[in-house]
Amino acid sequence: MCEKWEGWHRALPDGRAAPYKCPAGVWTIGLGTTYWMDGRPVKPSDDAITRDIGRQLLLKQLERYAATVDRVIKAVIHPWMRAACISLCYNIGTGAFAKSTVVRMINARRWGEVPRAFQLWRNGGGRVLTGLLNRRIDESALFMRGVAALGSAPAVAPSPAPSVYRPADMSPG
């Protein structure tokens, strides 16, 4: 879900992506990542990357956000619910996510109120941004698919050792 909404920014003619400053003023590359595999922050002088490298960086960075979701969500949730939360956390940051109404509603098992809580995070620069609103609608729809599936599929309890799904062809070498 994150790849869909982050987009492939600052693409060069050969398809690689160069570093750019995001609207929040943070140096970013590819699919919205701000750090390299070794933890160094992205700088404007860094080399452009391929889409495969961009996906690997995204997956690596998502581990941090997955850990936050697993730490603050106390309710048993379906993997789709977790994926929606990881996408939101990645977009708004770990501190904001941990203190959010989304987390409070999930931990209270007030499933019907969660989509509205997701949509509270639709503003940028003091105004509603269509892209953010559409992302929140997408995330909350995935979350509610997980709610519907809770009775028919295994749910997952937050794990002390978070993991992020890694398709075999995307695993860092």
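Start with Ile29, which sits in the loop between β2 (27-28) and α2. Helices here are DSSP runs of H or I with at least four residues, strands are E runs of at least two, and both are numbered from the N terminus. Ile29 is buried, its relative accessible area being 0%; buried means under 20%, exposed means over 50%, and partly exposed is what falls in between, using a 1.4 Å probe and protein chains only. Eleven residues away in sequence is Ala18, and the C-alpha atoms of Ile29 and Ala18 are 6.1 Å apart.

A word on what you're looking at: this is a predicted model, in which local features need pLDDT of at least 70 and side-chain atom pairs count only at pLDDT 80 or more, while totals for chains, interfaces and linings use all residues. Residues are numbered from 1 along each chain as its sequence is written, and side-chain values use heavy atoms, with hydrogens and water left out.

Asp52 and Arg16 are 36 residues apart along the chain, with 9.6 Å between their C-alpha atoms.

Now zoom out. The protein has seven helices and four strands, and along the sequence they follow the pattern α-β-β-α-α-α-α-α-β-β-α. Of the 173 residues, 41% are buried.

The axes of α3 (79-92) and α7 (130-149) come within 7 Å and cross at roughly 155°, where axes are lines fitted to C-alpha atoms over the stretch in contact and angles run from 0 to 180 degrees between N-to-C directions. So α3 is roughly antiparallel to α7, on a scale where angles under 35 degrees are roughly parallel, over 145 roughly antiparallel, 65 to 115 roughly perpendicular and the rest oblique. On α7 you'll also find Arg145, which is partly exposed with a relative accessible area of 46%.

The largest pocket has a volume of about 830 Å³. Among the 28 residues lining the largest pocket, Glu6, Cys22, Pro23, Asn91 and Leu132 are the closest to its centre. A pocket here is an open set of points on a 1 Å grid over the protein atoms alone, where a 1.4 Å probe fits and protein lies on both sides within 12 Å along at least five of seven lines; lining residues have an atom within 4 Å of a point. The volume is the space filled by probe spheres set on the points, which are joined across faces, edges and corners. Which helix gives the most to this lining? That's α7, with four residues.

One last stop: Arg109, in the loop between α5 (101-107) and α6 (114-119). Its phi is near 60°, a positive value in a residue other than glycine. Most residues other than glycine have a negative phi.
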